[in-house]
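Please open the model in your viewer and keep the selection panel at hand.

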Amino acid sequence: MTTKARGGTQSPTLEAGAVSLSGVLMQAITHIAPAIGLATSIAFVTSLTGITAPLAYGIAFVLMLTVGASLTRLARLFPSAGGYYTYLSRTIHPRAGLLTSWVYFLYDPLGGAINLAFFGFIFQGVIKAKYGVTIEWWIPFLVFLAIVTFFVYRGIKVATGALVVLGVLEILVVVALALSGLLSPGPGGATISSFDPARSLSGNGLYLAVVFSILTFSGFESVAPLAEESRNPRRTLPIAIITSIAGMGVFFVVSSWGIVAGWGAHETTALANSAQNPMLVIGERLWGAGWLIVLLAIFNSALAVGIACTNASTRVFYGMARSGSLPRQLAKVHPRHKTPVNAVLLQTLITLAFGLGIGFWIGPDQEFFFTGVAITLGLIFIYCAGNIGVTRYYVTQQRSSLNFWLDILFPVASTVGLVWVGYKSIIPLPTGPAHYAPFVVLGWFIAGIVLVWYMSRTGREAWLVKAREAADEVPER
């Protein structure tokens with residue numbers, strides 16, 4: 001597919017209709033990152049809330065399900081590579097779209113970096129503990145980054161095809177491990193006390209655990225930027241959003257319960273402070289040499305989430321560049337692979353700079369926890385802004401299609417829930433590097449407001465209105 005460029009020449013665009021429902025669904029699921037999402041979060045969540053870690057995942061699941069249900073309303077109306085940028089531009093104002101995109105830059109562009117860095121940390125620890133050999137974390141980080149860039153550069157069909165294979169493998173392995181933990185639990189057994197809030201270490205800890213658990217569910221919205229490459233996006237995207245949240249909700253609740261039970265409900269402090277990743281420790285206890293399968297699942301998941309994050313972020317860069325919000329060069333599409341090549345290059349450089357820079361500064365594990373909290377607080381703003389957009393649009397412009405549950409009750413309830421959980425998670429401030437995350441988000445948000453204000457005051461925001469045109473560029477197919 002091509003479009004007219006200046007001077008009447010033809011310029012290539014993204015490959016329309018290249019991705020089927022299975023590919024879109026796996027984009028969401030692998031962006032959520034079942035295996036590495038659990039591997040990176042279970043110890044931290046358990047350190048905050050103890051035996052009730054599965055409850056934290058469950059509360060986050062309910063919140064994300066209501067957010068996702070409302071998001072389907074926008075995905076059906078405005079299928080565009082711009083994602084939330086287009087949604088907020090169309091439902092509230094182009095300035096809201098720009099501000100939301102600014103906050104979004106804390107999310108997908110950094111998501112691949114922190115996951116690849118954390119896998120490097122896991123890999124370094126395992127090889128050192130098992131074989132006495134030190135392979136610095138940045139080596140697997142660089143190898144994985146090269147593989148991710150290759151798949152995304154080669155085209156959306158290649159990238160989503162890889163996601164389907166990787167996603168299925170990691171889910172099967174982790175579910176099998178969790179069931180093994182429930183069937184052969186450690187001290188304390190597989191107790192339902194894991195779902196009793198009174199058993200949490202503290203109320204504030206449970207709130208922060210929920211916030212961090214929201215990060216594990218983030219990714220379902222990453223299907224939005226693939227709208228222009230999906231078949232029948234007005235139908236495919238809503239199905240993928242709800243199915244991925246529902247499936248991953250069950251996955252994280254059951255899997256975290258199985259990991260806690262497999263380790264031992266009476267020994268959650270040891271789980272939280274384990275020198276090796278708890279999933280690998282439990283894998284070795286239950287499966288012996290089969291722990292390598294668990295490591296391979298995390299390996300698969302790190303690759304998959306890297307591909308999924310890069311798919312999403314590069315399409316947002318492309319969508320914003322095409323509308324004039326970012327430099328036009330980022331809208332360049334490879335004539336054969338139909339991928340936004342300059343956007344892919346930019347994202348690779350971001351992943352390289354942030355992943356290595358912050359990793360060398362505070363360590364790849366602390367990089368994940370610190371950035372993870374910052375990303376989640378930013379996501380709370382993005383999700384709430386989307387909720388406001390849904391309600392405003394259907395109340396003011398589409399009253400004939402208004403659905404009380406999806407357009408009013410769910411958006412309002414999830415917004416209140418997200419704001420409350422976010423507030424309680426930072427009052428009082430968390431300890432460690434995460435202590436600084438709220439201030440980073442606040443500073444980033446203020447910078448975004450200044451940017452929007454500057455554009456409006458200098459008369460340079462006319463290009464923002466072009467975002468309103470993006471939704472009309474994706475026909476039914």
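Which residues form one aromatic cluster? Select Phe44, Phe118, Phe121, Phe212, Phe368 and Phe369, and the cluster is displayed. Please bear in mind throughout that this is a predicted model.

**Stop 1: aromatic pairs**

The count of aromatic pairs comes to 33. Begin with phenylalanine 78 and tyrosine 393, whose ring centres are 5.4 Å apart. Their planes stand at 80 degrees, so the pair is edge-to-face, since planes over 60 degrees apart count as such. Phenylalanine 78 belongs to the loop between helix H3 (53-77) and helix H4 (84-91), whereas tyrosine 393 belongs to helix H15 (residues 364-396); the pair therefore ties together parts that are 315 residues apart in sequence. Both phenylalanine 78 and tyrosine 393 are buried.

Next, select phenylalanine 144 and phenylalanine 299. The centres of these rings lie 4.7 Å apart, and their planes are at 90 degrees, so this pair is also edge-to-face. Phenylalanine 144 is part of helix H7 (residues 138-154) and phenylalanine 299 is part of helix H13 (residues 291-323), so the contact ties together parts that are 155 residues apart in sequence. Are these two residues buried or partly exposed? Phenylalanine 144 counts as buried because its relative accessibility is 4%, under the limit of 20%. Phenylalanine 299, with a relative accessible area of 29%, is partly exposed.

**Stop 2: charges over rings**

Select arginine 73 together with tyrosine 394. Arginine 73 lies over the face of tyrosine 394, at 4.3 Å from the ring centre. Then select lysine 130 and tryptophan 291: lysine 130 lies over the face of this ring, 5.1 Å from its centre.

**Stop 3: salt bridges**

How many salt bridges does the structure hold? There are four. Lysine 130 takes part in one of them, with glutamate 284 as its partner and the closest N and O atoms 2.4 Å apart. This pair links distant parts of the chain, as lysine 130 is in helix H6 (residues 108-131) and glutamate 284 is in helix H12 (residues 278-287), 154 residues apart. Lysine 130 is partly exposed, at a relative accessible area of 28%, and glutamate 284 is partly exposed too, at 36%.

Move on to glutamate 228 and arginine 322, whose side chains meet in a salt bridge at 2.7 Å, N to O. Glutamate 228 is in the loop between helix H9 (203-217) and helix H10 (233-263), and arginine 322 is in helix H13, so the pair ties together parts that are 94 residues apart in sequence. Glutamate 228 is buried, with a relative accessible area of 9%.

Now select arginine 315 and glutamate 229, which form a salt bridge with their closest N and O atoms 3.0 Å apart. Arginine 315 lies in helix H13 and glutamate 229 in the loop between H9 and H10, so parts that are 86 residues apart in sequence are tied together. Both residues of this pair, arginine 315 and glutamate 229, are buried.

**Stop 4: backbone details in loops**

Where is a cis peptide bond found? Select isoleucine 427 and proline 428, which are joined by such a bond, with omega about 0 degrees. Proline 428 is in the loop between helix H16 (404-426) and helix H17 (437-457).

Alanine 33 has a phi near 65 degrees, a positive value in a residue other than glycine. Its place is in the loop between helix H1 (21-32) and helix H2 (34-49), and alanine 33 is buried, with a relative accessible area of 2%. Lysine 338, likewise not a glycine, has a positive phi of about 60 degrees. Find lysine 338 in the loop between H13 and helix H14 (341-362); at 16% relative accessibility it counts as buried.

**Stop 5: cysteines**

Select cysteine 309 and cysteine 384. Cysteine 309 is buried, with a relative accessible area of 3%, and cysteine 384 counts as buried at 8%. The structure holds zero disulfides.

**Stop 6: a nonpolar surface patch**

Finally, select Trp138, Ile139, Leu142, Val143, Leu345, Leu349, Leu352 and Phe360, which make a nonpolar surface patch of about 690 Å². Helices H7 and H14 each supply at least two residues of this patch. Leucine 352 lies in helix H14 and counts as partly exposed, at 31% relative accessibility.

Note on methods:
Residues numbered from 1 in each chain as written. Predicted model: local features only at pLDDT ≥ 70, side-chain atom pairs only at ≥ 80, totals over all residues. Heavy atoms only, no water. Phe/Tyr/Trp six-rings, centres within 6.5 Å; stacked < 30°, edge-to-face > 60°. Helix = DSSP H or I, 4+ residues; strand = E, 2+ residues; numbered from the N terminus. Buried < 20%, exposed > 50% of the residue type's maximum accessible area, 1.4 Å probe, protein only. Lys NZ or Arg CZ within 6 Å of the ring centre and 35° of its normal. Disulfide = S-S within 2.5 Å. Patch = residues over 30% accessible without salt bridge, like charges linked within 9 Å, V, L, I, M, F, W, Y side chains within 5 Å. Areas by Shrake-Rupley, 256 points an atom, 1.4 Å probe, with all protein chains shown as cover.
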